[in-house]
Amino acid sequence: MSGLPFYVTTPIYYVNDLPHLGHAYTTIACDALARYKRMRGYDVIFLTGTDEHGQKIERKAVAEGHSPKEYVDRITAAFRDLWGELDISNDHFIRTTDAEHVRAVQQVFQKLYDAGDIYLGSYEGWYCTPCEAFFPEAQLKEGNCPDCGRPVERLQEQSYFFRLSKYGEPLLRYIEANPGFIQPASRRHEMVNFIKGGLEDLCVSRTTFKWGIPVPFAPGHVVYVWLDALTNYLTAIGYVDDPERFERYWPADVHVVGKEIVRFHSVIWPAVLMSLGLPLPKCVFGHGWWTVEGEKMSKSKGNVIKPKEYADEFGVDALRYFVLREAPFGQDADFSRMSFIYRVNADLANDLGNLLSRTTAMINKFAGGVIPAAGEWTDLDRAIPELAGETIEKAAGAFDRLDFQEGMAQVFRLVGAANKYVDEAAPWLLARTDEGRRRLGTVLYNLAESLRIATVALSPVLTRKAAEIWTQLGLDGEPSDAGWDATRWGGLAPGIRVRRGEPVFPRFDTKAEVASVSAGKPADRPADEPAPPESDLIGIEDFARVDLRVATILEAKRVSGSDKLVKIQVDLGQERRQIVAGIARHYSPEELVGKQVVVVANLKPATLRGEVSNGMLLAASTAKDPKELSVLTLDRPIASGSKVK
Ligand code: ME8
């Protein structure tokens, strides 16, 4: 294979239960990264798989009346099926019951032993079976497991130990010398503190159950499930019998894991690798956790989100897009059906789908269905290729840092700007005059080209819909095959016939959801306030009761879970305030920042979707077309807080 190697892994998931949103999240993220890197020409190995040994799984199988092997075969199949449904492009699926893996673990155990890092001792301690981990008494929380809160068991057994304590200092030195090793930085700080607290030797064999890999030289002992599991990253690339392949792909570029297992990957795993004399992975990235409507996802609460159900109802692309777009990758995120529908409608249907529909409709109407060559240019037109260059470069930088949210936000900046460009350039007016027609080709070309570029950049995430957009633009093949270089401006050849089709992103019905937030449309008069009769005139004293002020927008952010609301922080001269405005469909948060606007400063505060709004921003809109809206700005700069009269 040509291209630099790039090796990315997910954790291997326990097969004690069926896959849920959390597993899908990590796997979708790694898939998007793998697809992006392939588009950049890397020779990618993307690995996922299942972690099948241990007491927890043995017990579960027995409880269900199966042999462990029958049981793990069934659950593993469910993981594989789901990855197929979610377009996961893993190059290999590893199972810890694979014969090759068993050999790899036994070799690793033997090597650690030969290096003098494993010794026989006796263990007495508290063991949490669901977490497959021992804890010293001092770490227990109210007598329970400090990680999952469940009861622990007192265990005493003869066990082999790995000299983890020996590696504290080398680990700290390594982490200091390689600041990119543990990401994000907050997790690095946690790990450094953990190591500084002192490392105890690790129990790496068990004798109280059988469902595990036998220790090669000690009958009755099976290898501790975490040592077994971590070794999967070596097995999958030929550790046992393909040294050339192993040499090429090791060390891994990134182990992507949930935040709760960063410790296993950035303390135990590197210590084992140091003992084996192998280089350490370049990065361990610990992402955040999903809660569901503020609660931890759990079977007992009955709130486990099944990815397949969402993919079936809303499409695979919608699910993939939502999980990566909703929150920064390193931080926790909250899932709700409502925020899912809102985001998918707002970004995919209203922004991207709408741009495609408008662009192909206008090319049909004004250019006979064929993408025209550019003609004359104005500054407005020139801004589009410039913005495309800027946003794509930033998106690539963000994807490289696993900042999927920012990567997609950058691409959607281009999409948003292109939609605005349609309104500003107004091709339907250009088509009416000779002068306008000289520019019309430029505008239509720029729209189609922006869309083509955005589609290439989104294709690692929108595995199916990107291809549909591609086809509607009249292009052959698949956007992902075009490679990342195809995001360069000018790749679209004029003369291609567009193939306008069905809307690529249907809008999902939000009636129930909309009812609960319709009060959040500040531009509307509250339903209970009667409209004044047209003839009613007011006196100046009535007008004077409204305190209108100039405000400068300092920050703007979308309100999570709403496609209409933006939360803005404004400078009102003497004070800073938060105002929530229903203009998210018309303005991106970035374009609002810095604007001087007019606000009603003496309006009673209101709470919209959980956010306090302290005032109201003025905007004009036409009754006829709710899409048209323009925020009132000032003709020339003036001090924030100035009175408007
Ligand atoms: O820990 N939010 O397997 P596991 C986000 N077998 N991600 C979540 C999540 C949530 N609510 N719940 C689970 C194991 N995950 C071991 C790993 S690796 C050598 C061995 C994801 O089945 C996240 O990636 O408990 C987390 O780290 C992983 O599933 C845990 O999967």
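**Sheets, helices and the ligand shell**

Reply: This is a predicted model. Helix α1 lies across β1, β2 (43-51), β11 (254-258) and β12, and runs at about 170 degrees to β1.

Me: In what order do the six strands of the open sheet come?

Reply: The pairing in this open sheet is parallel. Its edge strands are β3 (92-95) and β7 (182-183), each of which pairs on one side only. The order is β3-β2-β1-β11-β12-β7.

Me: Four strands form another open sheet. Which are its edge strands?

Reply: The order here is β5-β4-β6-β8, with antiparallel pairing. Each edge strand pairs on one side only. They are β5 (133-135) and β8 (202-203).

Me: In β6, which residue is the bridge partner of Y119?

Reply: Strand β4 (residues 118-128) pairs with strand β6 (residues 153-162) in the antiparallel sense. Ten bridges make up that pairing. For Y119, the bridge partner in β6 is F161.

Me: Now the ligand. Which element gives the most to the shell around it?

Reply: The shell holds 23 residues, and the closest are I12, T26, D51, E260 and W290. By class, twelve are nonpolar, nine polar and two charged. Four residues come from the element that gives the most, β1.

Me: What is the distance from a nitrogen atom of the ligand to an N or O atom in the side chain of D51?

Reply: Other polar atoms come in here too. A polar side-chain atom of H287 lies 3.5 Å from an oxygen atom of the ligand. A polar backbone atom of W290 is 2.9 Å from a nitrogen atom of the ligand. For the side chain of D51, the distance to a ligand nitrogen is 2.7 Å.

Me: How much of the ligand's exposed area does the protein bury?

Reply: Start with the ligand taken alone. It then exposes 670 Å². Of that area, the protein buries 93%.

Me: Besides β1 (5-14), which elements give two or more residues to the shell?

Reply: β1 gives four residues. The other elements that give two or more are helices α1 (21-39), α7 (225-230) and α8 (232-235).

Notes:
Residues are numbered from 1 along each chain as its sequence is written. This is a predicted model: local features need pLDDT of at least 70, side-chain atom pairs count only at pLDDT 80 or more; totals for chains, interfaces and linings use all residues. Side-chain values use heavy atoms; hydrogens and water are left out. A residue is near a molecule or strand if one of its heavy atoms lies within 4 Å of it. A polar contact is a pair of N or O atoms within 3.5 Å; within protein, one must be able to donate a hydrogen and the other to accept it, and residues adjacent in sequence count only if both atoms are side-chain atoms. Accessible areas come from the Shrake-Rupley method with a 1.4 Å probe; for residues, only the protein chains shown count as cover. Ala, Val, Leu, Ile, Met, Phe, Trp, Tyr, Cys and Pro count as nonpolar, Asp, Glu, Lys and Arg as charged, and the others, Gly among them, as polar. Two strands pair if DSSP finds at least two bridges between them. Contact means heavy atoms within 4.5 Å. Axes are lines fitted to C-alpha atoms, for helices over the stretch in contact, and angles run from 0 to 180 degrees between N-to-C directions.
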